[in-house]
Amino acid sequence: MIKICTGCQSTWAGGRFCEDCGGELRDPFGEEAQQLPSTMWRYIRLQYGARRGMIVRVMAILLGPVVAGGALRIAAGWARPWSTVLSIAAIPLGVATWWTIHWSAGRAVRLWVLRRGQLNRRRLARALARRALRI
Ligand SMILES: [Zn+2]
């Protein structure tokens, strides 16, 4: 959970008060968060995106050996020449699984952050236009 200082707008992993200026920390999903500058939002998205990517990468590290182990188990049930072939292929298969997920996680984070950034900028422009019309 990321929290934002109402005073200096620095971000914190949690807590109630800013350690820099002592200002009150706010939830970025509260109503007052709509007033935050877009650069702030970009940073928040990046933080969440990076965290999401990290979780996927950890999953990839766990899933690689699972795939390799699964291939070995299947190989044990197969007939002689193919069981050897699959046993040898088990490790590269596990590595390939890990690498594919690891690589796509990086891409997904970049895409996610970028797309949300464009969406938010458009919404921000609309909000600014609305405010300008009212004045
Ligand atoms: Zn502060």
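**A walk through the model**

Modeller: Let's start with helix α1, residues 38-77: at 1.5 Å a residue, its 40 residues should span 58 Å, and the end C-alpha atoms are 57 Å apart, which agrees. Keep in mind that this is a predicted model.

Colleague: OK, and which residues in α1 are buried?
Modeller: G53, G64, A68 and A71 are buried in α1.

Colleague: How much of the whole protein is buried?
Modeller: Buried residues come to 10% of the 135 residues.

Colleague: Let's zoom out. How many helices and strands are there?
Modeller: Two helices and three strands. Along the sequence the pattern reads β-β-β-α-α.

Colleague: In what order do the strands sit in the sheet?
Modeller: The order is β2-β1-β3, in an open sheet with antiparallel pairing. β2 (11-12) and β3 (25-26) are at the edges with a single partner strand each, so one side of each has no neighbour in the sheet.

Colleague: Last thing, contacts. What share comes from residues 24 or more positions apart?
Modeller: Such pairs account for 48% of the protein's contacts with a separation of 6 or more.

Terms used:
Residues are numbered from 1 along each chain as its sequence is written. This is a predicted model: local features need pLDDT of at least 70, side-chain atom pairs count only at pLDDT 80 or more; totals for chains, interfaces and linings use all residues. Two strands pair if DSSP finds at least two bridges between them. Helices (H or I, at least four residues) and strands (E, at least two) are DSSP runs, numbered from the N terminus. The expected span of a helix is 1.5 Å times one less than its number of residues. A residue is buried if 20 or more other C-beta atoms lie within 10 Å of its own, exposed if 12 or fewer, and partly exposed in between; C-beta atoms are placed from the backbone. Two residues are in contact if their C-beta atoms, placed from the backbone, lie within 7 Å.
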